[in-house]
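Hi everyone, thanks for coming.

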Amino acid sequence: MRVGLDYHIHTFYQRCGNETLTVENIVRRAEELGLTSIAITDHLNRPEQLPMFPHIRHDIETAETDVEVFFGVELNFMECDGEWAYSAEIRDEHGFELAIGGIHSAYTDSQDPVEVLDIQHRHHMRTLADPLIDVLVHPYWFGKADIEKRPMEWWERLIAEMPDDRVTELAQASAEHNTPIEVNACAIFYSFRLSAGFIDAYVEYLRRLRDAGALFTVGSDAHDIGRMGTTEYVEGLLDGMGVSAERIWRPERQ
Ligand SMILES: [Zn+2]
Ligand SMILES: [Zn+2]
């Protein structure tokens, strides 16, 4: 069933998204697309980025719409095994309603898949266990610089040959902490950098997470207004995989 969810959208304010992504435009577009519940989640990679967030919050609070709009933030580790630029105090002071987070680098030039997986996995596990984090974002997404260091077949095998213990540990931690694993439209399924073989392997990886009991959530990761609505594919994919509505996480308004 398609509910119309998107819990990962960037804006122009933080220069994460381009100039099409004002809160007003996002809300109008969400209405046109039939979305019912969304979150605006700009990057907070460093403390210096905090001062822009009150503007986003203000625009969300003054938007006139029937769409449920959450004020969120996307977090990144400040270095390998480092901290977030985030705390309970920052959350309360700024009124963030949800925090999505995860690793955004390979943190190694190694061609050894075990080494690359180990670094990703330990950051994923730490993210799922963190009470400040509501969603683990885009597992096994890598940026351009990291991707170009290895051939695409290497990346396809990385996902296709994911060891069982990596899958089951992640799924069990997701269920145990009630923290969903994001199925990200633009970073994975609409990425122009990834091959069809990678996408096929990723769908199989999601099936394995499903079988191992993971919770999921839906995000476009739109950095342009034209990329909103890509979540329709993700919702369809989860539906086709037989993931029930109870296992698709949604934020709760306090
Ligand atoms: Zn991200
Ligand atoms: Zn993002």
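Two strands pair if DSSP finds at least two bridges between them. Before we go on, this is a predicted model, where local features need pLDDT of at least 70, side-chain atom pairs count only at pLDDT 80 or more, and totals for chains, interfaces and linings use all residues. Residues are numbered from 1 along each chain as its sequence is written, with chains lettered from A and ligands numbered from 1 in the order written.

So, which residue of β2 is the bridge partner of isoleucine 9? That's isoleucine 40. β1 and β2 run parallel, joined by three bridges. Between them the chain passes through α1, and this β-α-β crossover is right-handed, meaning that with the strands pointing away from you, the path from the first strand over the helix to the second runs clockwise.

Now, buried means 20 or more other C-beta atoms, placed from the backbone, within 10 Å of a residue's own; 12 or fewer is exposed, and in between is partly exposed. Five of the five residues of β1 are buried, so the rest of the structure largely encloses this strand.

Over to α1, residues 23-33: Val23, Ile26, Val27, Arg29 and Ala30 are its buried ones. Down the helix axis they fall within an arc of 165°, so they line one face; that arc uses directions from the axis to the C-beta atoms. After α1 comes glycine 34, with a positive phi near 80°.

Key: Helix = DSSP H or I, 4+ residues; strand = E, 2+ residues; numbered from the N terminus.
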